[in-house]
Amino acid sequence: MADWRNVGNWHWKERNCLGWAKTYLKKQLTGVAASGSGIDASVTSVGSVTGDVDLNVRKGRLLAIYDVEVKLEWTAQRGDDKLTGKITIPEVAHDTDAYVYEVTASKASAETLALRDFVRTQLTPQISKKLEQFTEDLKRENGSEMIIADDKPAEEAAAAAAADTQLAKDFKEGRSGAEVAVAQTQGATFGTVEVSQTPEFMCAAENLYATLTDPQRVAVWTRAPAEIKPEAGTKFRLFNGHIEGEILALVPGKRIEETWRVATWPAGHYSRVTIELEQLSNATRLSLKQSGVPLNEEDATKANWERYYWNSIKGSFG
């Protein structure tokens, strides 16, 4: 019998897990300790956890998207010398395990310098070990009610995910999949055309808008860090700089206007992209209009919107 809550896990589902994350990190990180060279150091408390922690499910795939700042307090002691201080981790995020630790001490002296350095070199790696389990624990403890098993073979899902990953990898490295001649001369004269597409997505317009503009969501379907901010007048770089431009205007949930170029296009040339989102009864229609596409890039541009944007978004979120 089909489950009426979310047949086939098709529709976008999202759960805010920041409250859970605060409790989890306080429990996991308080008491983390390291000893050596006569020094004992430990995390005494978790001062704050701020940011976003969300679980999303699309077509049977549970995705953890988070980016938080964590502040800790620590103590270290060697004999009669004792020192306290704070550790700030500016970014604990779903797309990185290379954490930056900002370690400060309550006082600075020759006697306590070794204690602070011990915290930096020996205590922080123990914190990193605890953070390694965050994603899996987040999914396990919060995702059971979000996923509804479907009848698709695991092999089919794995093959689709592998194909999407390879497509994204090719695009990031500049392999467009189309053999075209590109004018590289500064100031060259060339013809341009307009590209139009109207894909549909089985989600709400506001969710699709966020998927196109929110850096955490963009990083999911591009499979790479995304330099983008949902603010007019800001520049963006996707696919390791292969795509870049500037956001010109935004109407949340409805419209995106931006300049847009591929790195291999003639130097300094940008196309103009307008994306309109129309909420239908059970889907969202995206209308893309792109003017200023170099004539000999028309076919590649059409194919790449479909393969590396629309198909990758659907493969990641539905």
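The following conversation goes through a predicted model and asks what stands behind each description of it.

Biologist: What kind of model is this, and how are its residues numbered?

Modeller: It is a predicted model, in which local features need pLDDT of at least 70 and side-chain atom pairs count only at pLDDT 80 or more, while totals for chains, interfaces and linings use all residues. Residues are numbered from 1 along each chain as its sequence is written, and side-chain values use heavy atoms, with hydrogens and water left out.

Biologist: Why is T234 called buried?

Modeller: Buried means under 20% relative accessible area, exposed over 50%, and partly exposed in between, with a 1.4 Å probe and protein chains only; T234 has 17%, and therefore counts as buried. T234 sits in the loop between α6 (215–222) and β9 (235–238).

Biologist: What makes the approach of T234 to the backbone oxygen of K229 a polar contact?

Modeller: A polar contact is a pair of N or O atoms within 3.5 Å, where within protein one must be able to donate a hydrogen and the other to accept it, and residues adjacent in sequence count only if both atoms are side-chain atoms. The side chain of T234 reaches the backbone oxygen of K229 at 3.1 Å, and a polar atom of that side chain lies 2.6 Å from the backbone oxygen of E231. With residues up to four places away in sequence left out, T234 touches K229, E246 and I247, a contact being heavy atoms within 4.5 Å.

Biologist: Why are G79, S37 and N240 called exposed?

Modeller: G79, in the loop between β4 and β5, is exposed because its relative accessible area is 55%. S37, in the loop between β2 (33–36) and β3, is exposed because its value is 68%, and N240, in the loop between β9 and β10 (243–251), counts as exposed because its value is 55%. Phi is near 55° in S37 and near 55° in N240, a positive value in a residue other than glycine.

Biologist: How do you know that α5 is largely enclosed?

Modeller: Eight of the nine residues of helix α5 (residues 205–213) are buried, so the rest of the structure largely encloses this helix; among the buried ones are L208, Y209 and L212.

Biologist: Why does the span of α7 agree with its number of residues?

Modeller: The expected span of a helix is 1.5 Å times one less than its number of residues, so the 19 residues of α7 (residues 298–316) should span 27 Å, and the 26 Å between the end C-alpha atoms agrees with that. A kink of about 25° is centred on N304 in α7, the bend being the angle between axes fitted to the seven residues ending there and the seven starting there.

Biologist: What makes a set of residues a nonpolar core, and which residues have the most contacts inside the largest one?

Modeller: A nonpolar core is a set of buried Ala, Val, Leu, Ile, Met, Phe, Trp, Tyr and Cys residues joined through side-chain atoms within 4.5 Å. The largest has 39 residues, and V70, I89 and I127 have the most contacts inside it. Its largest share, eight residues, comes from β4. A second, separate core of 37 residues includes L238, W260, W265 and L277.

Methods. Helices (H or I, at least four residues) and strands (E, at least two) are DSSP runs, numbered from the N terminus.
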